[in-house]
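Subject: Structure for you to look at

Hello,

Here is the structure we talked about passing on. Please open it first, then read the notes below.

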Amino acid sequence: MTHFFQPGKRNTLLLFFRSSFLLVYVLTAHSLRGQSKFTPATSVYTITKRLLSIENGLASHEVFCGVQDAAGFMWFGTRNGLNRYDGKTCLLFTRQRNKLQDNKIVQLAKDDANHLFIEYGSTGFQLITNGKVDVMDITTQEVKTLTATYPNLPFKEQDVYWIANDGTDEVSFLTAFPFRLWKYSAKTGFRLRYEMKDWNKTGLAFDYRTTGPVCSFTPEKALLKLTNQEKQYLITKDAVIGFRQHNVLRSLPVGFTDQNELLITYNTATNVNEFAIDKLTPAGNLVPVADLAKYNLNTVKGRYWYQVCVSTSGAASMFYDATDALYLWHKHAFVKVIDKSELKGFENLFLYRLFLDALGNQWLCTSHGVLQLTLKKNRFTPYFSSSQQSIQPNSQARGIYADRTGKVVANIWMHTFSQQGGKIQAIAHDAINYALVEHHTALYSGGYSLVLYDDVKNRVTNYSGGLGSEIWSMFSMNDSLLLLGRTTGFSLFNTNTHRFDSIPVVAASGTEARFVYRFFYDRTGIIWAIAENGLYKLVANHRLSAKTNHGWSMVKLQSPFLNGLSLLDAYQDSSGVFWLATNGEGLYRWNPKTNAVRQFNITAGFPSDVLYRIEPDSYENLWISSDYGLICFNRNSFLVNTYTTIDGISHNEFNRTSSFRASDGRLFFGGLNGVNAFDPRDFRTDTNTLQVPLRVIAFNQFVGSKNELINKTAELLKTAKITLEPDDKFFTLDFQLLDFATDEGHHYAYKIEGLDKNWNYINENSIRISRLPYGNFTVHIKAQNREGTWSRSQLIIPLSVLKPFYLQWWFVLTAVFLFFLAIYLLIHFRLQQLARDKKKLEETVNERTTQLKQSLSEQSALLLEKDVLMKEIHHRVKNNLQVISGLLELQSKGLTDETAREALREGQNRVRSIALIHQNLYQYENLSIIDLKRFVNDLSKQVQSVFQKQKPVTITILVPDLQLDIDSAVPLGLILNELLSNSFKYAFTRVPAGKIQLAICVISEGKYQLVYSDNGPGLPSDFNLTGATTLGLQLVNDLSRQIGGKVQYSSKEGATFTINFTNRDVRKNED
């Protein structure tokens, strides 16, 4: 907590400072020079600092208080409103926008139920509370007054003059008249912790509402005071210690020791300019601290301090000297944070609050803004950086060498530096030197030329006659030979003869090497070279070359995979696997036996894909330098840790060919600002897990029913799920990794489970999702910090895309139900209708049946009468024909002319055949057809009875059972009558016995064939049947045509007549 000035010997300066520094600040622009500056490289600690002010979105550069909520957001109370800070943007809450009671917020606290308590101050430059307290639900951001939130509040809201957190889940309330300390949590409610009875007196000479800021609250401890003259209370979990300070002008608490002893620094009227340090005993006595070094307070005593601000952790404090600097004290160090020269307007700085966040950052609320501080122990040892030497302004490092004695040598741009203990020396070269190697107890340095460096005498010996381009790497082959890797190709240097020889590359193996960065022995003792364009192997030719005077050559390893890479370094592990550092593609693990390849890049947690050098340690780790940080990569787990300037290295960007592994296991890496050395053993306990929260910042959803984009952040935070209606076209989701580092290096990835198989990598902290199919999904979001480490915390948000109502299961079931119900009702209605129709039909049928029966009875009677009448007609016709036949017979008896008599007889027979048909008709049930078989038999018997006299005649009749209409039967009967009559009259005169065969067969439906034959002599051979003049044959021809037939005659063992005829129906159809 902040402790204010009280007048002493520096009255003029202090009074001016108290009354005018804020006004001066308002009128002055301020900037923190070198926001990323660190403590000197030789320091045990590194400090990273960043100043946040109006330029970063804060409502005012005067920030009175701050707190971190359970989600990880930072909340700051300013003169002009409340800010929520996520590391990138500031969200503003004001009286006008969010119904706060006021805009000047002087104190904040949080409880265990995600509530933010907001205390306001009166207008003006002093921190005077005004008795107004609000409570905000952090999730919904709904604001209510303290009284409205807690109707049964055990004290009045206007009596509250300070609130604070004490490092627990409880909120502390200080109330006046009576002066009391209350504790509150959502679990236990309000409880009275202590009443300061000595303060309960009237007539105070000061406004008690100004005294809240001078009280200190640390974990389970509260130091309460009104003035230095009044009794002070140290209230702990188990005890209350009251004490007084005598003859004290200014008393500033420092913090607590490991034994929970309160440390206080103060000055007295007799010694204004020098502060002393006391320790409070459990008995309430203040005793001087004897061993200041034990608490890192040596530099505190004896100085004048304008302000001391105690952290809410109780283990750190900020010391402010307006004439010097701002210092950070904690139990293990006292470190200068900001020098007076670094911050414009430093002499007007005022400290309000110091608190610690969950990541170990200290946040100092000041009149200039919020100062973010990160203090880390430095495990790296820098060499030859710009802060350690001024000989070489460009402190880029290349070749490095170190031995067990502590000697470190490095090529720093155009100089070679050497350091032993605290002594640094350097010698200049004509050009940049890259390579550095120990060869037979001597050091050689290579650039455009090769030199021998004598670090004892600090001098160099140049060897002229060097072949070709710059020397980037060197390797000691034996006592006399140095292998040199150049910008183009390889060469040998004999340290005995000082002769340079080139080493050829076998033509069949590939092209000349470019930029040779390293040589190394493999497991079998073969020397390999790492060049930008591949791996080369040194082989012996077993005979000397006339040109080179040696028997060595280089063979390029043939691999399509390697040919596509730009190599910067490589390492072969004990299993023969190569680890390849590339320029732009990260790290590759390549097994040359199986040609199996696996890539590790930014998506695997690397801070960059440009990797310079690889050095192994003894713990299965590969230490890899990059253009942003130093990487520790575990070869077994593939886990990554990255170390940057925040961790103590001198620069984030390293260099090619600049690394060295000492014989004692120490590793050295060179970069743009000297060399960084470290012992890998110091990093064995480091975790590679990023324990930083990833939180939703904003959620906006396009609501189709309203046709607008609506902010639904509060709803998402409350329900923890996203629901899209069918007409909701898209949504945007903003999120932020709350590590409060510079946001430039953050990377994010998202995946919609159920749609995406792989992660989608993005650089922005926002996604816009649209055109999702219907269904349930899960949105996964993860974040990566600038060092490449992926956060353990992920956003996992259920996402439901609702189907239109007509595709919802309930609607489908309802529709199916209604469909079947409609069918059922329709069938039921139809059945009822059919039943009614059936009943009506039955009635109609019964009625019609009755009528029909009556009609049938009448028709039957009529038909019967008709049948009787028809039979009577046929009978009368038959009788009439018989009468005609009888008349013809009587007439024939009166004739003497045999021809005439014969003609009458033939006519008589024809009449009889017709009469026979009518006889059959009235004797048959059906009066329109006759039984053909019966008719033919009767007709043949009738004709036979007329003509047969002397010779026997056998008639064979083959006629099936069939009925023939009367229109066909009459012509057929006359035809048969003529044929039979003709046979009896003429056929059997020359044969002893006559034979007649008569057959009728059915050819098809309605078509028949008549075949008539006798055993007579037949017709003359020249007889023309169609031109016959006899009446009988003419009748046969004419009658055959009448029934649809034609007479065919043949003579073969007698006369045969064939007639094909049809019935009446067929003839009608043919017509």
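Two strands count as paired if DSSP finds at least two bridges between them. Strands (E, at least two residues) and helices (H or I, at least four residues) are DSSP runs, numbered from the N terminus.

Some ground rules. This is a predicted model, in which local features need pLDDT of at least 70 and side-chain atom pairs count only at pLDDT 80 or more, while totals for chains, interfaces and linings use all residues. Residues are numbered from 1 along each chain as its sequence is written, and side-chain values use heavy atoms, with hydrogens and water left out.

**Domains**

The bounds come from an automatic or database domain assignment. That assignment gives domain 1 (46-251 + 344-378), domain 2 (381-396 + 468-683), domain 3 (694-800), domain 4 (804-923) and domain 5 (929-1070). The centres of domain 2 and domain 5, taken over C-alpha atoms, are 128 Å apart.

**Two hairpins**

Start with strand E35 (residues 442-446) and strand E36 (residues 450-454). They run antiparallel and share 4 bridges. Serine 445 has valine 451 of E36 as its bridge partner. The two strands form a hairpin, with 3 residues between them.

E36 also pairs with strand E37 (residues 459-463), again antiparallel, through 5 bridges.

**An open sheet**

Strands E50, E51, E52 and E53 form an open sheet in that order, with antiparallel pairing. Which strands sit at the edges? They are E50 (611-616) and E53 (640-643), each pairing on one side only. The twist averages 20° from one strand to the next. Angles run from 0 to 180 degrees between N-to-C directions, and the axes are lines fitted to C-alpha atoms, for helices over the stretch in contact.

E50 joins strand E51 (residues 621-626) over 5 antiparallel bridges. Glutamate 615 has tryptophan 623 of E51 as its bridge partner.

**A nonpolar patch**

Val812, Val816, Phe819, Phe820, Ile823, Ile827, Leu831 and Leu834 make a nonpolar surface patch of about 700 Å². Valine 812 lies in helix H6 (residues 809-893). Is valine 812 buried, partly exposed or exposed? Its relative accessibility is 37%, so valine 812 counts as partly exposed. Buried means under 20% relative accessible area, exposed over 50%, and partly exposed in between (1.4 Å probe, protein chains only).

Patch residues have over 30% relative accessible area and no salt bridge; like charges are joined within 9 Å, nonpolar side chains (Val, Leu, Ile, Met, Phe, Trp, Tyr) within 5 Å. A salt bridge is a side-chain nitrogen of Lys or Arg within 4 Å of a carboxyl oxygen of Asp or Glu. Accessible areas come from the Shrake-Rupley method with a 1.4 Å probe; for residues, only the protein chains shown count as cover.

Best wishes
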